[in-house]
Amino acid sequence: MLQQVMTAPGAIEFREVEIPEIGENQVLIKIMKIGICGSDIHVYHGEHPFTTYPVTQGHEVSGEIVKTGSAVRGLTPGLKVTVQPQVVCGKCYPCRHGKYNLCEELKVMGFQTTGMASHYFAVDASKVTPLPEIMTFDEGAMIEPLAVAVHAVKQAGDVRGRNIVVLGAGPIGNLVAQTARGMGAAGVMITDISDLRLKKAAECGVEHCINTKHEDLGQAIFDAFGPDKADIIYDCAGNNTTMGQAITYARKGSVIILVAVFAGMATIDLAVANDHELDIKSTMMYRSEDYDDAIRLTAQNKVRLAPLVSAHFAFKDYLDAYKYIDANRETTMKVIINVQE
Ligand SMILES: [Zn+2]
Ligand SMILES: [Zn+2]
């Protein structure tokens, strides 16, 4: 079988390797689709602080089980599945308290350990989540980023009946807005400086799409939600401008969730955060219950994943996928690799 290997930033090789043997608690998955995300692009550019080369990428996947180990229960060949790419120690404080997404020794497949960009992948059954038969392999490959959004939305507790602002309409911002709506938020606003991304959000059913280059955010929030403003603001862009907007426009005593990986050191006005008793929280990856919610929201059509797919590339054209993303930064949402011929 073929395995993708990024040997150095910007250089991809395909190696002919044996189909892996599975242990008694493992399953063998025929990988069908792989999504590319912002973190992969950082690896491609040599700008990911916690990845060394060579590395096999691939952490957003869908596939089909072809073989199961003798001790595996509840998973059978032919099942459509996705995989949680976290490798955790199981021993540290967060792991012992159910928060394994915060494991002190956290490794993620495709970054600090071998990713799934190969024709077949052997993985512990505990990391495998079945997908409904009606779900496409494209959708299945987007459950991982959707789980990021689900976990982020839940950091603010129950969002039913709340008014929400999402700053940044890239793939994660789009999914956070859709998830909040799908989980019962009363009103959802999304902002960006790209009309194309806002158009995509509108296509996915987000009602208030605001270009902050042309519109005043404070006024837009007032127009949409009235003098009580928003209950929760999610920063899915993660820069001084957006976090500054969040602190400036948040209602006193309301919640701000930092979702995006923050770019560089922050120069935000924490005195205002103090004075307004703002509850600033952050979010990191997901746990299996977030995968379950992500699958449910997609199966119930409360989140639309198909409009996010910008392009497909063949497995052998992995490098072209990155070149395409670089050349179409503003318009690209999700690029998917077709792993099988
Ligand atoms: Zn990702
Ligand atoms: Zn741990």
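Me: What makes Cys89, Cys92, Cys95 and Cys103 the residues that coordinate the zinc ion (ligand 2)?
Reply: Donors are N, O and S atoms within 2.8 Å of the metal (3.2 Å for Na, K and Ca); water is not among the atoms, so sites may look incomplete. Here the SG atoms of Cys89, Cys92, Cys95 and Cys103 sit at 2.3 to 2.4 Å from the zinc ion (ligand 2). Along the chain, these donors follow the spacing C-x2-C-x2-C-x7-C.

Me: Which model is this, and how are things numbered?
Reply: This is a predicted model: local features need pLDDT of at least 70, side-chain atom pairs count only at pLDDT 80 or more, and totals for chains, interfaces and linings use all residues. Residues are numbered from 1 along each chain as its sequence is written, chains are lettered from A and ligands numbered from 1 in the order in which they are written, and side-chain values use heavy atoms, with hydrogens and water left out.

Me: Why is the arrangement around the zinc ion (ligand 2) called tetrahedral?
Reply: Four donors count as tetrahedral if all angles lie between 85 and 135 degrees. The four donor atoms around the zinc ion (ligand 2) subtend angles of 104 to 121 degrees, so the arrangement is tetrahedral.

Me: Why does glutamine 245 count as buried?
Reply: Buried means under 20% relative accessible area, exposed over 50%, partly exposed in between (1.4 Å probe, protein chains only). Glutamine 245 has 16%, so the residue is buried. Cysteine 92 and cysteine 95 are both buried too.

Me: Where does glutamine 245 lie, and what is in contact with it?
Reply: Glutamine 245 is in helix α8, residues 240–249. Helices (H or I, at least four residues) and strands (E, at least two) are DSSP runs, numbered from the N terminus. Leaving aside neighbours within four places in sequence, glutamine 245 is in contact (heavy atoms within 4.5 Å) with Leu167, Thr212, Leu217 and Ala250.

Me: Why is serine 194 called buried?
Reply: Serine 194 has 4% relative accessibility, so the residue counts as buried. Serine 194 is in the loop between β11 (187–192) and α6 (195–203). Beyond neighbours within four places in sequence, serine 194 is in contact with Asn211 and Glu330.

Me: How do you know that the radius of gyration of the protein chain agrees with a compact globule?
Reply: The radius is taken over C-alpha atoms, and the globule rule is 2.2 Å times the number of residues to the power 0.38. For 341 residues the rule gives a value near 20 Å; the protein chain has 20 Å, so the two agree.

Definitions and conventions: Tetrahedral: all angles 85-135°; square planar, octahedral: opposite > 155°, others 65-115°.
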